[in-house]
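The sequence and structure are shown first.

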Amino acid sequence: MGAIRLEKVKKTFGTLDVIPGVDLDINDGEFVVFVGPSGCGKSTLLRLIAGLEDVTDGKILINGTDVANEAPAKRGLSMVFQSYALYPHMTVYNNIAFGLKMAGESKDVIDEKVQSAAKILNLTDYLERRPGALSGGQRQRVAIGRAIVRNPAAFLFDEPLSNLDAALRVNMRLEITGLHQELKTTMIYVTHDQVEAMTMADKIVVLQAGRVEQVGKPMDLYSNPANKFVAGFIGSPKMNFLGGDIAAKHDCHEIGVRPEHLAVSTDGGEIAATVKIAEHLGAETYLHVEADGLGPMTVRATGEVDLGENDRIFLTPEQDRIHRFDQHGLTLSGA
Amino acid sequence: MSTRASTLTGRIMSAPSIIVLFLWMAVPLGMTIYFSFLRYNLLSPGMEEWIGTLNYEFFLTDPAFFASLANTLLLVGSVLIITVVGGILLGLMLDQPIFGRGILRLLVIAPFFIMPTVNALVWKNLLMDPVSGMFAWIASLFGLPAIDWFTNAPLTSIIIMVSWQWLPFAVLILLTALQSLDRDQKEAAQMDGAGPVSIFFYITLPHLSRAITVVVLIETIFLLTVFAEIFVTTGGGPGLATTNIAFLVYTQALLQFDVGGASAGGIVAVVLANIVAIFLIRLIGKNLDN
Amino acid sequence: MENKQTPLGYVSFSVFAWIVGLLIFFPIFWMVLTSFKSELEAISIPPSFISFDWTLENYVEVQERSNYFKFAMNSVILAVGSTLVGLVFAVTCAWAMAFNPTKRTKDALLWMLSTKMMPPVGVLVPIYLLFRDWGLLDTRFGLIMVLFLMNLPIMVWMLYTYFKEIPTDILEAARMDGATLPKEIIFVLLPMAVPGIASTMLLNIILAWNEAFWTLNLTTSDAAPLTAFIASYSSPEGLFWAKLSAASTLAVAPILVIGWFSQKQLVRGLTFGAVK
């Protein structure tokens, strides 16, 4: 169906190296998420795969064939855009049918495919409406429907949930994951939100400045980040980075401790700190503290913890969860 | 959206327009520059000869040039002041709730769509005629003597006509800009204790500054070349009283057939227009980046 | 400020505003009114506002004596012709510039704009001579070309700003859906751009209809449009106010209607998108 392989894919705009050279293997049926801060080249990489941009150099193999110089439509991929990019002057039905019409399918085939896609996506009642008359979530589903009917080798998603409100985003996340389980088609999903990456992906590709920082399963990236960037990017709230004496004690340049891997005590511990702000979320509490001699840190404590401004506390990292980094930000093996 | 194929298609598809415009502007302009260095009169064909900058010397030292330059500046300046001030006032007026505002707005902008020759003749005859015109009758109601507009105040008459035509343009643009003013800003200022006058000077006017600049620049470009209104009413007279640069070039070229002199005048007009155009193009260019 | 108005304030301000508006509109009103008077009543003092013998005679005579429809026909042909020619050039050019921009696109756009700022007198002499030598003086074809070229920058700019508002995503979606370039333009771009194209055409028709430099200088009779026809009333022997008014009313009426319909888009077209 859809195995995609990138070989030394390179993209320059003028003198600017947006993608200096990426190698990547995406297996058939995999849900791969490209994640990274804005401007890291993740969308550009997706557009290169889609064929909306020319590669400057390198190969893009879909099921073994190099498509780097093929027109987008010839690659057998479909794409869901951030803005949904629905045709505003066409009904939902015609939006979904457009690709099939362009491919010259017969009316009956088109109707059958559109109806079945509409059924999967709960759009049957809306087929005669225009996109303007739909809610954000419904538009999103139309965009997905348009992608499904073409029976592509792979789906490409470009930040599809960023225009939705928080509650709807969680819903659509589940829907897309469900869709993947049902269709078992390769999906490449671009997002800047590491939560989406963690929850949806089979495989996460972390990008920064056009470079692949690390590729792996979500929990692998969480537990064994290859470098300081990945360690800081994956996980929320962000990992605390500590230098100086405490790092020297662990025989490295800098250590990283996740907020959830710090034990809180009022009696004693490794690091003394003053609480600045306590955010009580109910199930858990985020403590923003000023550690003596180390600067600001974030701690994730239980929901019931009764601490407030200016309380003195002590923090102790779980020893086997400490990440050690050298002066280049690379992870040192062995704790 | 930049693949090699689409960039190429883009080039091919924008080429025709760019080429025809280039031919339309650059070629005649080059010819005008060339003619401006020749002794070239249509009445004595075959006598053309290179005379260097003599045409420019004649044109620029001709009293008619100074008169027409002064007229041009007076015309442009007066119309700008009238239309911008009037445009702001009318814009503010039309931004208020008024009974039948939509229709009122149509009436106010109507003059802009009147063709210049109609505008000129309606004003000259129906309104400004010293015997049977509307203004003469209104003056007589107050026991005043009728003004013979085109004899005694010819340039003023042209200014009034042209202002009437361009006022709606200023109103349209300033009103559009006014309507894009954030209501919250006005309300915040009211909360801060600003009265209507302070709101106008501290909030509204700064917000309008960009639109005012656009009005001034675009009107200037068109007003520098006012032609039809003069052509059908005064013919540039009496004497040179209403001759502007555009009209002067026209008389030299098509009435005196002095191609060389007219070309030199044309180039002078181009230079004057370009001084304004540079500012306008910069302004619009900046806008393109956003 | 709006929320604090009293009913009395609203009424008195409305009355004031309407008086101002009617004063501005008065010359047009007076022209229309005069067109229904006899020549004698047209110049009578005091002027008659309502109590005169309404007549259509002027309209009939304008046609009979001066072949009004020939000029009107020329105006229509010049305005529509130059607009259609311009549209073909401008749509392709604006499409390319909006959706396939290169580094030089911005410069090209500004350069096009700058040609619009060239005073026509700067090129009057060579254009006149070339037209004379090529036999284009007083021909509709020649004038259509001039009007088309004169307004081409505005058309390109207007369409460019409209096309810019169409998200590139949608065209890319069409491309992913397998649409070829012509299909992408016909099925996706043009339907979405219909309002923009329509207002561009209307503005161009208005500008071409009212153009009064080239039409006065490059025509004498055969290709002369209404601008030139009205100008012929400026000579003393042409001074018949009622007929002048009737001819003028006919000349401005269609454009006034079009102008009223397209007033909103006009701002964008005339300011090159600098004011929205």
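## Salt bridge between chains A and C

Between chain A and chain C the count is one salt bridge, defined as a side-chain nitrogen of Lys or Arg within 4 Å of a carboxyl oxygen of Asp or Glu. The partners are the side chains of C:Glu172 and A:Arg47, with an N to O distance of 2.7 Å.

## Basis of the model

The model is predicted: local features need pLDDT of at least 70 and side-chain atom pairs count only at pLDDT 80 or more, whereas totals for chains, interfaces and linings use all residues. Residues are numbered from 1 along each chain as its sequence is written, chains are lettered from A and ligands numbered from 1 in the order in which they are written, and side-chain values use heavy atoms, with hydrogens and water left out.

## The interface of chains A and C

Contact, meaning heavy atoms within 4.5 Å, links 22 residues of chain A with 15 residues of chain C. The two chains bury about 1,600 Å² between them, of which 67% lies on carbon and sulfur atoms; buried area is the accessible area (1.4 Å probe) that two parts lose on being put together, summed over both. A:Tyr87, A:His89 and A:Met102 contribute 32% of the area that chain A buries against chain C, more than any other three residues.

Six residue pairs, with both residues at pLDDT 80 or more, are in polar contact between chain A and chain C. A polar contact is a pair of N or O atoms within 3.5 Å; within protein, one must be able to donate a hydrogen and the other to accept it, and residues adjacent in sequence count only if both atoms are side-chain atoms. On the side of chain A that touches chain C, the elements giving two or more residues are helix 1 (42-50), strand 6 (77-80) and helix 2 (92-102) of chain A. Helices (H or I, at least four residues) and strands (E, at least two) are DSSP runs, numbered from the N terminus. The residues on this side of chain A comprise 15 nonpolar, four polar and three charged, where Ala, Val, Leu, Ile, Met, Phe, Trp, Tyr, Cys and Pro count as nonpolar, Asp, Glu, Lys and Arg as charged, and the others, Gly among them, as polar.

## The interface of chains B and C

The contact between these chains takes 103 residues from chain B and 111 residues from chain C. Chain B and chain C bury about 9,500 Å² between them, with 79% of it on carbon and sulfur atoms. Between them there are zero salt bridges and eight residue pairs in polar contact, both residues being at pLDDT 80 or more. Helix 1 (residues 4-35) of chain B provides the largest share of the side of chain B that touches chain C, 20 residues. That side of chain B divides into 74 nonpolar, 21 polar and eight charged residues.

Chain C has 13 helices and zero strands, and its C-alpha trace spans about 70 × 70 × 35 Å along its principal axes. Of its 276 residues, 59% count as buried; buried means under 20% relative accessible area, exposed over 50%, and partly exposed in between (1.4 Å probe, protein chains only). Among contacts in chain C between residues at least 6 apart in sequence, 73% join residues at least 24 apart.

C:Ser199 is found in helix 9 (residues 181-210) of chain C. With 4% relative accessibility, C:Ser199 counts as buried. Its contacts, leaving aside neighbours within four places in sequence, are C:Met158, C:Tyr162 and C:Gln265.

## A buried glycine in chain B

B:Gly87 belongs to helix 3 (residues 63-94) of chain B and counts as buried, at 0% relative accessibility. Not counting residues up to four places away in sequence, B:Gly87 touches B:Ile82, B:Leu167, B:Ala170, B:Val171 and B:Leu174.

## Backbone features of chain A

Most residues other than glycine have a negative phi, and most peptide bonds are trans. A:Ser236 and A:Pro237 are joined by a cis peptide bond with omega of about -5°; A:Pro237 lies in the loop between helix 8 (228-233) and strand 11 (240-242) of chain A.

A:Ala85, in the loop between strand 6 and helix 2 of chain A, has a positive phi of about 50° and counts as buried at 2% relative accessibility. A:Asn122 has a positive phi near 60° and lies in the loop between helix 3 (107-120) and helix 4 (136-148) of chain A. A:Asn122 is exposed, with a relative accessible area of 57%.
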